[in-house]
Amino acid sequence: MALLEVSNLVVDIPTEDGTVHAVQDVSFTVHEGEFFGIVGESGSGKSVMVQSIMGLVAGARTSGTVDFRGRNLLALDDEAMRSVRGREIGMIFQDPLSSLHPQYTVGWQIVEQIRAHEKISQQAAKARAIELLERVRIPDAAARFDAYPHQFSGGMRQRVMIAMALSLGPALIIADEPTTALDSTVQAQILDLLDEMRREFGATVVMISHDLGVLARVADRVMVMYAGRRMELGESANVLCSPAHPYTAGLLRSSAFNREPGTPLVPIAGRPPSLLAPPSGCAFASRCPDAMSICSERPPLRRYDDGTEVACWLEGEPGEPPAPELPPAVEARSDDPAADASIVRVESLRLAFPQRRGPASVVLDDITLEVRRGETLGLVGESGCGKTTLARAIAGLVAPTAGTVTFDGHELSTLGRREWRSLRRRVQVVFQDPFGSLNPRRRVGSIIGDPFRIHGLASGAERRAEVQELMELVGLNPEHYNRFPSQFSGGQRQRIGIARAIALKPELVILDEPVSALDVSIQAQVLNLLDELQRTLGLTYLFISHDLSVVRHVCDRIAVMEGGRIIELDDADRLYRDPQQPFTKRLLAAAAPEIPRTPARRRLVRAARPREAGPAPVLLPERAIEGARR
Amino acid sequence: MTRFILSRVGFGLLVLFLLSVFVFVLFYVSPSDPARIIAGDKATEELMAQIRVKLGLDQPIYVQYLNFVGNLLRGDIGFSYRSGLPVSDLLYARIPVTMSLVFGAVVLWLAIGIPIGIASAKHPGSLRDRFGQGFAIVGISFPTFVLGMMALFLLYFLPTKAGVTLFPPGGYVPFAQDPLGWAWHLILPWTTLALVVAAVYARLTRGQMLEVLGQDYIRTARAKGLTERRITYTHAFRSAMPPLVTQLGIDIGLMLGGVIVIEQVFGLLGVGSLAVTSVAMQDRPVVIAIVLLGGVFVVVANLVVDLLYAVLDSRVRTAAR
């Protein structure tokens with residue numbers, strides 16, 4: 001039975017730049033008791049869509065209908081809508097720290113929600129809140145009732161959010177990227193909890209995610225969105241293993257979790273269209289490998305007998321574009337031909353910060369590691385395990401408390417100023433956040449040109465030429481030399497960071513979560529660029545990431561860190577096949593979604609023209625579609 | 001927590017010490033001679049030398065300073081050069097006036113500024129918002145004395161001329177003597193001061209509220225199905241408060257040291273008007289006492305703000321535990 005039926009939903013948001021057409025004519029039905037997933041990259045309109053269904057987007061203009069238990073949510077007045085929120089539909093948001101009020105205890109916040117909708121006493125509400133906290137397995141719930149959000153870990157905070165969303169036994173729970181901000185093992189726990197609560201409370205769950213791998217693991221059915229439109233909808237197993245829409249297929253080809261390690265990812269070329277002026281035809285046509293001339297018209301909705309629905313002109317399976325060809329690898333660079341095989345050696349490294357009270361906090365504990373010339377060494381672990389600090393110690397940005405770091409035979413702690421300077425050129429870092437790590441007031445040309453300036457290597461026209469060559473190399477348009485970082489997309493900004501890092505032909509590049517802030521299709525572009533650069537420039541990479549599927553894809557060897565120690569280090573393949581440590585096993589189990597590998601066989605049931613004005617869908621004769629193909 | 005308070009108190013004492021040294025040095029290097037001011041134009045050198053010896057002005061500056069500090073620690077802040085009265089008596093008579101003025105105005109400006117700020121932030125760009133913003137700009141750019149003069153002209157002079165006495169032109173009646181008269185005499189100065197300052201608070205509140213209303217937890221509060229009223233006050237305003245408290249602490253501290261313009265316009269004999277006459281008369285002990293008094297108010301106000309922060313912010317509170 002349908003619990004939520006969204007028909008022809010349109011969401012327009014007026015902004016200073018014009019109207020953002022965030023959601024365009026999206027329809028879907030969520031059945032009672034099911035786990036419904038909505039997947040899309042940033043800007044696909046998935047969050048805006050569910051939030052506007054709840055009336056949470058200020059200034060949004062909506063049309064269409066959202067039928068929930070016999071009422072059209074879009075037509076409800078403020079008071080009626082308020083009683084639906086929280087009581088009948090509970091919401092869970094992405095970042096549980098910023099989504100909980102920092103100045104009130106978690107118990108107070110749950111009690112507040114209960115008492116906003118039910119006339120019960122403070123004591124009864126408190127008792128129910130404690131019971132809820134227990135059910136989402138917060139240890140020592142009665143005592144934690146009076147704790148503030150910042151006193152919980154990320155996973156525990158999300159449990160609190162879930163408890164709060166469940167507090168009035170809502171029929172529908174909307175979870176907007178509930179696990180994105182969490183570590184992978186915690187992510188798995190939260191997903192399991194969500195699924196368990198759905199069964200226990202008999203609720204229906206709509207979960208939004210940018211990560212098909214995460215969604216496919218829990219959702220019964222999945223809807224794929226792109227540029228505010230619905231692309232594909234079907235059983236999650238079918239969508240995942242035999243995508244019917246070229247966009248879904250492209251997304252899967254560019255996802256590291258879905259590709260065999262060693263095989264290059266196939267990125268989706270180009271960028272999503274602007275939502276200020278979306279194309280009138282298929283939104284994906286400009287990036288689609290199967291695009292035809294008819295794609296400039298609104299695609300029909302095709303229904304298959306396995307329940308899959310696709311908005312596409314394409315008949316049959318989407319094609320498989322060839323994987324990008326990788327250039328032949330060169331030998332790893334070294335200034336000294338007699339240099340040994342390892343470029344960095346870390347011996348018994350220890351880093352501790354003294355604290356005012358109590359013992360010093362140990363961030364890195366007895367770490368011994370070597371980075372071999374020309375390899376990609378992965379450093380994985382959960383947040384706070386010390387992986388970034390280790391990388392900073394290797395780059396010489398923090399001084400260790402004990403132990404040594406040796407770079408190409410030079411021990412870092414013994415170096416003088418001048419030697420430091422020359423060493424700096426040989427070790428470079430690419431940072432995680434492409435938005436925060438570039439100075440917004442400086443032009444891209446001068447950011448990339450910094451290394452030349454600092455080391456006094458090139459100036460004036462010469463520097464400009466060098467920088468433009470670098471921009472070309474990393475796939476940026478050299479004509480954009482004078483632009484500011486804000487004029488670039490996330491992926492392009494990361495290319496700027498990479499160009500700056502490789503400017504002086506370093507030997508070791510430390511990549512600190514280089515793709516985790518990027519969308520999947522953009523991630524693949526950047527990962528391929530890194531691979532290409534490594535081959536042509538003979539670079540050595542130290543690759544830090546929390547995303548095991550990405551690490552596995554790019555790394556030769558992997559070091560697993562936990563609590564400031566390296567607990568396991570092995571070849572990537574062997575580590576994945578035969579992990580020794582329980583923590584590694586847990587990490588792997590949490591990261592690898594079980595993907596069914598049986599392609600679906602499906603038969604077209606019907607293809608309907610999208611509704612323009614009239615209510616009745618027009619059936620297209622088969623031949624018309626045939627003829628439309630190029 | 002105790003450690004925190006002690007360090008703040010220590011820092012405050014250091015500030016007061018530096019302030020007193022600064023004022024002392026300032027008077028020492030200034031060209032005017034207190035003896036000349038006390039004795040008048042026609043005084044002989046002899047008489048002036050006598051006066052200097054009597055006041056201790058013939059001593060080197062560090063001796064003068066040490067004497068001053070020594071007296072201060074005994075609770076003696078000296079005598080006015082001009083009237084010969086103890087400075088403490090002078091201040092004792094003036095402080096209640098300034099305090100009455102400031103605290104009444106605080107209540108008023110908060111009652112005017114904060115609601116305007118909240119209403120503006122709720123609907124940015126709306127007519128209400130533009131009206132509120134306009135009020136803020138007018139309030140901020142209006143010189144205090146012009147507003148005070150206007151208030152006097154419109155609410156005292158014109159009605160009185162027409163035969164109706166709405167408000168008195170100024171003056172002060174102690175609260176203990178006649179609470180109603182106290183309030184009646186202070187209404188015009190209160191309103192004038194409040195209108196000027198409320199503008200600042202309206203802008204500050206609006207800015208803070210706009211920022212807080214964009215936070216994720218406000219979206220959560222909406223998703224919980226709370227009433228708009230509860231979202232605005234219990235959730236949003238609660239988080240917008242700390243910067244307002246900071247500003248309020250600084251303002252109160254500064255103003256208790258004397259609200260010079262308003263006191264002059266309305267003929268209130270407060271600390272501010274005492275400061276003006278004492279500076280004009282080179283009444284060194286009184287000026288030093290007023291400066292230090294102002295310093296004490298600012299230091300204490302800041303300490304109170306820091307303590308309030310711990311009360312208002314769970315993160316500070318739990319970290320201090």
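This is a predicted model: local features need pLDDT of at least 70, side-chain atom pairs count only at pLDDT 80 or more; totals for chains, interfaces and linings use all residues.

1. Helix H9 of chain B covers residues 216-223 and helix H10 of chain B covers residues 228-256, and the two pack at an angle of about 145° with their axes 10 Å apart.

2. As for the residues that form this contact, H9(B) contributes Tyr217(B), Ile218(B), Ala221(B) and Arg222(B), which meet Ile231(B), His235(B) and Ala236(B) in H10(B). By class, the contact of H9(B) with H10(B) comprises five nonpolar residues, one polar and one charged.

3. Chain B is divided into domain 1, residues 2-73, and domain 2, residues 88-320, and the centres of these two domains of chain B, taken over C-alpha atoms, are separated by 33 Å. Domain 1 of chain B brings 13 residues to the contact, while domain 2 of chain B brings 12 residues.

4. On the side of domain 1 of chain B that touches domain 2 of chain B, the elements giving two or more residues are helix H1 (2-29) and helix H2 (34-39) of chain B, and H1(B) gives the most, with 10 residues. That side of domain 1 of chain B has nine nonpolar, three polar and one charged residues.

5. For chain A, an unreviewed UniProt entry lists "domain: ABC transporter" at residues 4-252 and 344-588. In the model, residues 4-252 of chain A are 40% helix and 28% strand, with end C-alpha atoms 28 Å apart, whereas residues 344-588 of chain A are 38% helix and 26% strand, with end C-alpha atoms 27 Å apart.

Technical notes:
Residues are numbered from 1 along each chain as its sequence is written. Chains are lettered from A and ligands numbered from 1 in the order in which they are written. Axes are lines fitted to C-alpha atoms, for helices over the stretch in contact, and angles run from 0 to 180 degrees between N-to-C directions. Helices (H or I, at least four residues) and strands (E, at least two) are DSSP runs, numbered from the N terminus. Two residues are in contact if their C-beta atoms, placed from the backbone, lie within 7 Å. Ala, Val, Leu, Ile, Met, Phe, Trp, Tyr, Cys and Pro count as nonpolar, Asp, Glu, Lys and Arg as charged, and the others, Gly among them, as polar. UniProt positions are given in the numbering used here, feature names are shortened, and annotations may be inferred rather than shown by experiment. Domain bounds come from an automatic or database domain assignment.
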